[in-house]
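User: Could you walk me through this structure? I am new to it.

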Amino acid sequence: MPAESTGVSRRRLLLGGAAAGAGAAVTLGAERTGLLPGSPAPAADATGINGARIVPFHGARQAGVTSTPGAYATYLAFDLLPDTGRDRLAAWLRLLTDDAARLTQGRGALADLEPELAVRPAGLTATFGLGRAAVERAGAEAPGWLGPLPAFPQIDALEERWSGGDAVVLLHGDDPTAIAHLARMVVRDSRAFATLRWRQNGFRRAYGTDPSGTTMRNLFGQVDGSTTPKPGDEAFDRAVWAGDEAPAWLRGGTSLVLRRIAMDLEGWDEVGREGREASVGRRLADGAPLTGGGEHDAVDLEKTDERGFTVINPAAHAARSHVSDPGQGIVRIGFSYDDPVEEGALDSQGRPAVSNVGLLFGSWQRDVAAQYVPMQERLAQADLLNTWTTPIGSGVWAIPPGCEEGGFVGEGLFA
Ligand code: HEM
């Protein structure tokens, strides 16, 4: 069966269309995948390998928010086609939800021509987010904060090609092949509804390199993420989940801010270890505060040295970003990027660039205006790290709650 006609069958199925179309897609699914659609996911096999690890897709929350970030991430941003109105938007979200619900559970998508790529999800998750335009197309109420962040002229050098998007999909997991396959299904099944605006890939340490639970290191070599609330923490729940203040469709969901932040490794090379540690207020060796304690202890911003100066520079990154109640702050989810050097690019010293690295800085928070913006404003005003970091991309999306089997992410918009 030619790919085009299988695509049509599949759309019919998901749009609740002709039974013949549905039959064709089901047959194709069984024929090609050897797994009947709806058949149980293969159990983690006896080898106990990480590739067989499955993070449940259905539930009250989107699993990519509540699970530990995988070793690899791909963000895909889309712009809606002009004729993607309310009904087509719902059909698109239903289709993508179906892909994610299958592939994250180790099953091929409907009409998946490479279903073997799905059998090792390795903790794969898919998280869907919507920008203001998508919410408005659905005819639903958008929260006030849904839209571009205010400008931070002191630091921003934003580029269109890394910014915005009417919708975003974040895939993370421990295997780049599983991610690539789901990304391909998502992009393929979006063609009739939206255009791909940009794609950004990031990574942490490969699975198995560190004991699980080890905080990541960014490409400046810093332990990054020590103090951020983790799923299961009481502060995580307070920081992340939208409540009654949000439109009904978003309650139990959250928001995502993504900043692509270039890191100037050549400039960083010029700084000694002491200066590097002072710029954040934490030790490079283990991430512990310069005021003492262990990695997960808070910085003591009042502690002074024998000369009466605070041990932690008031302009240090941790001092400027700190909030006393983590439930009022943000939850950070970072991935490094290390991309090819672009033609003609120069480094901060004016030489031909030899690196193009940075951080895909993501954060979850229930209210972008109340939690993210004031923190970013403080960092834009003063933060020693700004010497070597430059935000070059930015986007904000509402992250609806999860869905149960048979439902789809974002269904509340159409209630
Ligand atoms: C490339 C850019 C950035 C780098 C390299 C970076 C690095 C770090 C490092 C090494 C720490 C200390 C360890 C930890 O607690 O995780 C930290 C803490 C923190 N960062 Fe960043 N960061 C960056 C951007 C941002 C941005 C854009 C924000 C928010 C707008 C932010 C918010 C925070 C917060 C809230 C903390 C915890 C502070 C505390 O309470 O001790 N960071 N960051």
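User: What caps the N-terminal end of α11?
Analyst: Asp-367 does: one of its side-chain oxygens lies 2.9 Å from the backbone nitrogen of Ala-369. Such a polar contact is a pair of N or O atoms within 3.5 Å; within protein, one must be able to donate a hydrogen and the other to accept it, and residues adjacent in sequence count only if both atoms are side-chain atoms. This is a predicted model, in which local features need pLDDT of at least 70, side-chain atom pairs count only at pLDDT 80 or more, and totals for chains, interfaces and linings use all residues. Residues are numbered from 1 along each chain as its sequence is written, and side-chain values use heavy atoms, with hydrogens and water left out.

User: Which residues of α11 are buried?
Analyst: Val-368, Gln-371, Tyr-372, Val-373, Met-375, Gln-376, Leu-379 and Ala-380 are buried, meaning under 20% relative accessible area (1.4 Å probe, protein chains only).

User: Why are they on the same side of α11?
Analyst: They cover an arc of only 165 degrees around the axis, so they fall on the same side of α11. The arc is that of the directions from the helix axis to the C-beta atoms.

User: Changing topic, which residues are closest to the ligand?
Analyst: Gly-225, Thr-227, His-317, His-322 and Arg-332 are the closest of the 25 residues that surround the ligand, each with a heavy atom within 4 Å of it. A polar backbone atom of Gly-225 is 2.5 Å from a ligand oxygen.

User: Which element gives the most to that shell?
Analyst: α11 does, with four residues.

Terms used: Buried means under 20% relative accessible area, exposed over 50%, partly exposed in between (1.4 Å probe, protein chains only). Helices (H or I, at least four residues) and strands (E, at least two) are DSSP runs, numbered from the N terminus.
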